[in-house]
Amino acid sequence: MRINFGFLVLFFLGVFQSSYAQSNQQVVFDAPAKHFTESIPLGNGRLGAMVFGNPAQERIVLNEGSMWSGGVENPNRSDAHQYLPEIQNL
């Protein structure tokens, strides 16, 4: 099964576009990314994509938080509240 990732990215960008979107922002490639570190990250912290910018044959690396964490995980720490004052001061 072949997935049109270009459509998928455009769909997600359309879904996430809201009043928070900045209409004056653009992502422009001078040339397609050759390496992962040259690609453009898109996402919200839990769901993400690295876009390489080749319109002839796009490459998109998708990532979701639970994919690389090793499985189901509860990231909420019961003692996290005690660190909040220090974090706010920093």
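This report describes the fold, sheet, loops and surface of a predicted protein model.

## Basis and confidence

The model is predicted: local features need pLDDT of at least 70, side-chain atom pairs count only at pLDDT 80 or more, and totals for chains, interfaces and linings use all residues. Residues are numbered from 1 along each chain as its sequence is written, and side-chain values use heavy atoms, with hydrogens and water left out.

The average pLDDT (the predictor's confidence in each residue, from 0 to 100) is 76 for the protein, and 67% of the residues score at least 70. Confidence is lowest in helix H1, residues 5-16, where the mean is 55. It is highest in H3, at 91.

## Overall fold

The protein has 3 helices and 3 strands. Helices (H or I, at least four residues) and strands (E, at least two) are DSSP runs, numbered from the N terminus. Along the sequence the pattern is α-β-β-β-α-α.

Of the 90 residues, 12% count as buried. Buried means under 20% relative accessible area, exposed means over 50%, and partly exposed lies in between (1.4 Å probe, protein chains only).

## The sheet

The strands form an open sheet of 3 strands in the order S1-S2-S3, with antiparallel pairing. S1 and strand S3 (60-64) stand at the edges with a single partner strand each, so one side of each has no neighbour in the sheet. From one strand to the next, the twist averages 20°; axes are lines fitted to C-alpha atoms, for helices over the stretch in contact, and angles run from 0 to 180 degrees between N-to-C directions. Strands of a sheet pair through backbone hydrogen bonds, either parallel or antiparallel. Here two strands count as paired if DSSP finds at least two bridges between them.

Strand S1 (residues 40-43) is joined to strand S2 (residues 47-51) by 4 bridges. Within this pair, leucine 42 has alanine 49 as its bridge partner, and glycine 43 stands opposite glycine 48. S1 and S2 form a hairpin with 3 residues between them. In the turn, glycine 45 has a positive phi of about 100°. Because 4 of its 5 residues are buried, S2 is largely enclosed by the rest of the structure.

## Loop positions

Aspartate 30 lies in the loop between H1 and S1. Its relative accessible area is 84%, so aspartate 30 is exposed. The C-alpha atoms of aspartate 30 and glycine 53 are separated by 9.1 Å, with the two residues 23 apart along the chain.

Asparagine 54 is in the loop between S2 and S3. With a relative accessible area of 26%, asparagine 54 is partly exposed. Its C-alpha atom is separated from that of phenylalanine 29 by 8.7 Å, and these residues are 25 apart along the chain.

## Salt bridge

A search of the whole structure finds 1 salt bridge, defined as a side-chain nitrogen of Lys or Arg within 4 Å of a carboxyl oxygen of Asp or Glu. The side chains of arginine 77 and aspartate 79 meet in a salt bridge at 2.9 Å, N to O. Arginine 77 counts as exposed because its relative accessibility is 56%, whereas aspartate 79, at 25%, is partly exposed.

## Nonpolar surface patch

Tyr83, Leu84 and Ile87 make a nonpolar surface patch of about 290 Å². Patches are made of residues with over 30% relative accessible area and no salt bridge: like charges are joined within 9 Å, and nonpolar side chains (Val, Leu, Ile, Met, Phe, Trp, Tyr) within 5 Å. The areas come from the Shrake-Rupley method with a 1.4 Å probe, and for residues only the protein chains shown count as cover.

Tyrosine 83 is placed in the loop between helix H2 (65-68) and helix H3 (84-89). At 37% relative accessibility, tyrosine 83 counts as partly exposed.
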